Amino acid sequence: MTVPRRSDALRNRAAILRAAEELVVRGTTPSPARIAHLTGLGQATVYRHFPDRRALLLTVARKHLELLADAAERSAHDPAAFRVLLHAVMAYQVSMRPLVDELRRFPEPDRRGHVRRLLDALRGPFDRSREAGHLRHDVVLEDVVVVLTMLQAAVDRTPDPHRAIPVLLDGLFHPEPGRVPG
């Protein structure tokens, strides 16, 4: 049975998560000290909600996976939604680099679980896109992991990794009539 949290505890938890996301977007790995400074909360409060950085970062990542799953569900009728959703995942990967870097260092079971949840969120849109003929016939859902790994190499090695997103996406999809690739 889950014990309901007090409203101030819920506000504090939400503030901690917002601060963690803000730090990541700024290119900084969140730490309890940085979060406490940004939120005005004590470090003990941060630790009470998240006993370590791993727990905090997994919570941030899971929150974004839930948002992705919600977006996938809302676009259930649109076979073109997979490209939009995958583009959003790729843009997230680039903009949330410290989070992605930390997730890559987590133990294998955590990484595998995160990838499984990501693929589960994308499975329905992927299937609809494939059935509608938007994707190349030889593309499988697990190729998303390959594409994200390739994007991570671009993030690690190029000054503008956002440029890699359309290049990688174009490799998965059939060309749209009248659209110039890139």
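In helix α6 (residues 97–105), Pro98, Leu99, Val100, Asp101, Glu102 and Leu103 are buried, where buried means under 20% relative accessible area, exposed over 50% and partly exposed in between, with a 1.4 Å probe and protein chains only. The model is predicted: local features need pLDDT of at least 70, side-chain atom pairs count only at pLDDT 80 or more, and totals for chains, interfaces and linings use all residues. Residues are numbered from 1 along each chain as its sequence is written, and side-chain values use heavy atoms, with hydrogens and water left out.

**Overall fold**

- The chain has nine helices and zero strands; helices (H or I, at least four residues) and strands (E, at least two) are DSSP runs, numbered from the N terminus.
- In sequence order the pattern is α-α-α-α-α-α-α-α-α.
- The C-alpha trace spans about 55 × 40 × 30 Å along its principal axes.
- Of the 182 residues in the chain, 42% are buried.
- Among contacts (heavy atoms within 4.5 Å) with a separation of 6 or more, 67% are between residues 24 or more positions apart.

**Helix α6 and Val100**

- The buried residues of α6 pack against α1 (7–25), α4 (53–74), α5 (81–95), α7 (108–131) and α8 (143–157).
- Val100 lies in helix α6, and with a relative accessible area of 13% Val100 is buried.
- Not counting residues up to four places away in sequence, Val100 touches Gln93 and Gln152.
- Val100 and Leu57 are 43 residues apart along the chain, and their C-alpha atoms are separated by 9.3 Å.

**Largest pocket**

- The largest pocket holds about 710 Å³ of space.
- On a 1 Å grid over the protein atoms alone, a pocket is an open set of points with protein on both sides within 12 Å along at least five of seven lines, whereas a cavity is a set of points where a 1.4 Å probe fits but cannot get out; lining residues have an atom within 4 Å of a point.
- Grid points are joined across faces, edges and corners, and a volume is the space filled by probe spheres set on the points.
- The pocket lining comprises 22 residues, of which Gln93, Val100, His114, Leu118 and Leu148 lie nearest the pocket centre.
- Elements giving two or more residues to this lining are α4, α5, α6, α7 and α8, and α7 gives the most, with six residues.
- By class, the pocket lining has 13 nonpolar, five polar and four charged residues; Ala, Val, Leu, Ile, Met, Phe, Trp, Tyr, Cys and Pro count as nonpolar, Asp, Glu, Lys and Arg as charged, and the others, Gly among them, as polar.

**Cavity and Pro32**

- There is one cavity of 30 Å³ or more, and the volume of the largest cavity is about 40 Å³.
- Pro30, Ser31, Pro32, Val46, Phe50, Asp52, Arg53 and Leu56 line the largest cavity, a lining with five nonpolar, one polar and two charged residues.
- Pro32 is found in helix α2 (residues 32–39) and is buried, with a relative accessible area of 18%.
- Leaving aside neighbours within four places in sequence, Pro32 is in contact with Gln43, Val46 and Tyr47.

**Aromatic cluster**

- The structure holds two aromatic pairs; rings of Phe, Tyr and Trp (its six-membered ring) pair if their centres lie within 6.5 Å, and planes under 30 degrees apart count as stacked, over 60 as edge-to-face and the rest as tilted.
- Phe82 and Phe126 form an edge-to-face pair, 5.3 Å centre to centre with 85 degrees between the planes.
- This pair links distant parts of the chain, with Phe82 in helix α5 and Phe126 in helix α7, 44 residues apart; both Phe82 and Phe126 are buried.
- The ring centres of Phe82 and Phe173 are 5.9 Å apart and the planes are at 40 degrees, so the pair is tilted.
- Phe82 lies in helix α5 and Phe173 in the segment after α9 (164–170), so this pair ties together parts 91 residues apart in sequence.
- Both Phe82 and Phe173 are buried, and Phe82, Phe126 and Phe173 form one aromatic cluster.
- Arg83 lies over the face of Phe173, at 4.9 Å from the ring centre; a charge sits over a ring if NZ of Lys or CZ of Arg is within 6 Å of the ring centre and within 35 degrees of the ring normal.
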